[in-house]
Amino acid sequence: MLRTFMHAKLHKARVTEANLHYVGSITIDEDLLDAVGIFENEKVQVTNNQNGARIETYAIKGERGSGVICLNGAAARHFQVGDEVIIMAYAQLTNEEILVHEPKVAVLDETNNIKQMLSQEIAHTIL
């Protein structure tokens, strides 16, 4: 059996752009993607701390070091520049993988620089 667990999170990211007329997705600074192990075109969930919106889309690489977090397409109607968001990616894990799984979590500052890296351990008592 496979179970779904969070494997990556960008916590307290700030939206820098919202582009309604782009085809879709979320553009994320490539340095941030690398820091938590999210791949381009990987499915991500984005939650908006300002209004409670929650969407699923896919990540595309933004310019390294730019701090870009840009909601594209229809999602731009639910996210405004300056909104604080959480971006999460998930993985399907076996029971054996769950025992050693440690998600990568980057806590960001107001300009989308990494303030702190966390590793959250899964409680091994769930199996």
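Visitor: What is the order of the strands in the open sheet?

Guide: In this predicted model, the open sheet has 9 strands in the order β2-β6-β3-β5-β4-β7-β1-β8-β9, and their pairing is mixed.

Visitor: What makes β2 and β9 the edge strands?

Guide: Each of these two, β2 (17-19) and β9 (114-119), pairs on one side only. Across the sheet, neighbouring strands are turned by 30 degrees against each other on average, direction ignored.

Visitor: Why is Q45 called buried?

Guide: The term buried applies under 20% relative accessible area. Q45, which belongs to strand β4 (residues 43-48), has a relative accessibility of 11%, and therefore counts as buried.

Visitor: What makes the approach of Q45 to Y90 a polar contact?

Guide: A polar contact requires a pair of N or O atoms within 3.5 Å, one able to donate a hydrogen and the other to accept it. The side chains of Q45 and Y90 are joined by such a contact at 2.8 Å. A further polar contact, of 3.1 Å, links the side chain of Q45 to that of R54. Leaving aside neighbours within four places in sequence, the residues in contact with Q45 also include I55, E56 and M88.

Visitor: How do you know that the residues listed for "binding site" gather at one spot?

Guide: The UniProt record, an unreviewed entry, lists T57, G73, A74 and A75 under that name. They span 19 residues in sequence, but no two of their C-alpha atoms are more than 10.4 Å apart, so they gather at one spot.

Visitor: Is T57 buried or exposed?

Guide: T57 lies in strand β5 (residues 54-62). Its relative accessibility is 15%, and because buried means under 20%, T57 counts as buried. The side chain of T57 reaches the backbone nitrogen of S25 at 3.4 Å. Not counting residues up to four places away in sequence, T57 touches S25, I26, E42, K43, V44 and V46.

Visitor: Is A74 buried or exposed?

Guide: A74 is found in the loop between β6 and β7 (84-93). Exposed means over 50% relative accessible area; A74 has 61%, and is therefore exposed.

Note on methods
Residues numbered from 1 in each chain as written. Predicted model: local features only at pLDDT ≥ 70, side-chain atom pairs only at ≥ 80, totals over all residues. Heavy atoms only, no water. Pairing = 2+ DSSP bridges. Helix = DSSP H or I, 4+ residues; strand = E, 2+ residues; numbered from the N terminus. Axes fitted to C-alpha atoms, helices over the stretch in contact; angles between N-to-C directions. Buried < 20%, exposed > 50% of the residue type's maximum accessible area, 1.4 Å probe, protein only. Contact = heavy atoms within 4.5 Å. UniProt positions renumbered as here; feature names shortened; annotations may be inferred.
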